[in-house]
Amino acid sequence: MDPVKTALQQIGLEKATWKTVVVSASQEVDLPRAILWETWARLEAWPNWSKPLHLAARWSGPAGWVAGATFEQELNLGFPVGKMTSAETVGAVVPEEQVMWSKDEKGIKSCHIWRFETVSANRTRVSNVEVFHGTLMGLVKPLVANRWQQYFEQAVKGLAALAASEPRTESPIR
């Protein structure tokens, strides 16, 4: 299923309007899904590969990618939003496949989805999608959409690069 369509539906939209900002990046990576997930799932390490977007990320409740888990991310969104701390509650998780969080706050609805799809045994499509919707988003869209798109693309590339560079211990053949 298309993660953009899923994110739009999660916030009650069938399609984007002038009030909607959609940022979506995906890349096929020559790594198994489990390896990418292992790197991605270390929340506190997000700033290592999601630059310049993430300044910090931390669990605000018990750690772990389960529905209802809470975390904070310190973001650098650039002009006119600037730096901000965003509190998130995980809405749905399919381990090693997808994590989604969404909210309706201060007149802006948003939904973020990370998806890891197996293409073949050693190849995975990684998708990073967020939909924002509200009058304020429509007004700032010309100022933020391209930059946020670049940030999401950099995050996917950074995740793939870090996952590929991390040392792996091979399981003994049995």
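This is a predicted model: local features need pLDDT of at least 70, side-chain atom pairs count only at pLDDT 80 or more; totals for chains, interfaces and linings use all residues.
Visitor: What makes the contact between Glu-28 and Arg-123 a salt bridge?

Guide: The cut-off is 4 Å between a side-chain nitrogen of Lys or Arg and a carboxyl oxygen of Asp or Glu. For the side chains of Glu-28 and Arg-123 the N to O distance is 2.7 Å, so the pair counts as a salt bridge.

Visitor: Which parts of the chain does this pair tie together?

Guide: Glu-28 belongs to strand β1 (residues 20-29) and Arg-123 to strand β7, so the bridge ties together parts that are 95 residues apart in sequence.

Visitor: Why is Glu-28 called partly exposed?

Guide: Buried means under 20% relative accessible area and exposed means over 50%. Glu-28 has 29% relative accessibility, so the residue counts as partly exposed. Arg-123, at 25%, is therefore partly exposed as well.

Visitor: How do you know that Arg-125 forms a salt bridge with Glu-28?

Guide: The closest N and O atoms of Arg-125 and Glu-28 are 3.1 Å apart, and the cut-off is 4 Å, so the pair qualifies. This pair also links distant parts of the chain, with Arg-125 in strand β7 and Glu-28 in strand β1, 97 residues apart. Arg-125 has a relative accessible area of 28%, so this residue is partly exposed.

Visitor: What makes Glu-105 and Lys-103 a salt bridge?

Guide: Their side chains meet at 3.7 Å, N to O. The limit is 4 Å, so this pair is counted too. Glu-105, at 42% relative accessibility, is partly exposed, and Lys-103, at 21%, is also partly exposed.

Visitor: What is the volume of the largest pocket, and which residues are closest to its centre?

Guide: The volume is about 580 Å³. Of the 26 lining residues, the closest to the centre are Leu-77, Met-84, Ser-86, Ile-108 and Phe-132.

Visitor: Which element gives the largest share of that lining?

Guide: Helix α4 does, with 6 residues. The elements that each supply at least two lining residues are β3 (70-76), β4 (83-94), β5 (98-105), β6 (108-120), β7 (123-133) and α4 (135-165).

Visitor: How do the residues of the lining divide into nonpolar, polar and charged?

Guide: The lining of the largest pocket has 15 nonpolar, 6 polar and 5 charged residues. Leu-77, one of the residues closest to the centre, counts as nonpolar because Leu is in that class.

How values were computed:
Residues are numbered from 1 along each chain as its sequence is written. Side-chain values use heavy atoms; hydrogens and water are left out. On a 1 Å grid over the protein atoms alone, a cavity is a set of points where a 1.4 Å probe fits but cannot get out, and a pocket is an open set with protein on both sides within 12 Å along at least five of seven lines; lining residues have an atom within 4 Å of a point. Grid points are joined across faces, edges and corners, and a volume is the space filled by probe spheres set on the points. Helices (H or I, at least four residues) and strands (E, at least two) are DSSP runs, numbered from the N terminus. Buried means under 20% relative accessible area, exposed over 50%, partly exposed in between (1.4 Å probe, protein chains only).
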